[in-house]
Amino acid sequence: PPITDERIRALVTAGDIRTAWTELPLSERRKIIKAAFDVRIQQTKNRGQNACEPERVLMEPRAR
């Protein structure tokens, strides 16, 4: 589908996407992720656990 978000267009048309991504401020990265993906975080089975569990983060591309 056509890319209508200018932030995403600038990122995917950059000569070096990885460098362009790392140069973006965190606030812009978050906006791009929210525009492009549905992000869900599942509850932990161990209450009070402070460890990072990447498998609980579910990301799916947004359908537009």
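## Salt bridges in a predicted model

Arg-9 and Glu-6 are joined by a salt bridge, with 3.3 Å between the closest N and O atoms. The model is predicted. Both residues belong to helix 1 (residues 6-12). They sit three residues apart, about one turn of the helix. Glu-6 counts as exposed, because its relative accessibility is 53% and exposed means over 50%. Arg-9 has 34% relative accessibility, so this residue counts as partly exposed.

The whole structure holds five salt bridges. Three of them are listed here.

| Pair | N to O distance |
|---|---|
| Arg-9 and Glu-6 | 3.3 Å |
| Glu-28 and Lys-31 | 3.4 Å |
| Asp-38 and Arg-62 | 2.8 Å |

Helix 3 (residues 26-36) carries the pair Glu-28 and Lys-31. Three residues separate them in the numbering, so about one helical turn lies between the two. Lys-31 is partly exposed, at 41% relative accessibility.

Now the pair Asp-38 and Arg-62. Their side chains meet in a salt bridge at 2.8 Å, N to O. Where do Asp-38 and Arg-62 lie? Asp-38 is in strand 1 (residues 37-41), while Arg-62 is in the segment after strand 2 (57-61). The two are 24 residues apart in sequence, so the pair ties together separate parts. Asp-38 counts as partly exposed, with 28% relative accessibility. Arg-62 is partly exposed as well, with a relative accessible area of 40%.

Some salt bridges share partners. Which residues do they join into one network? The network consists of Arg-7, Glu-28 and Lys-31.

Technical notes:
Residues numbered from 1 in each chain as written. Predicted model: local features only at pLDDT ≥ 70, side-chain atom pairs only at ≥ 80, totals over all residues. Heavy atoms only, no water. Salt bridge = Lys/Arg side-chain N within 4 Å of Asp/Glu carboxyl O. Helix = DSSP H or I, 4+ residues; strand = E, 2+ residues; numbered from the N terminus. Buried < 20%, exposed > 50% of the residue type's maximum accessible area, 1.4 Å probe, protein only.
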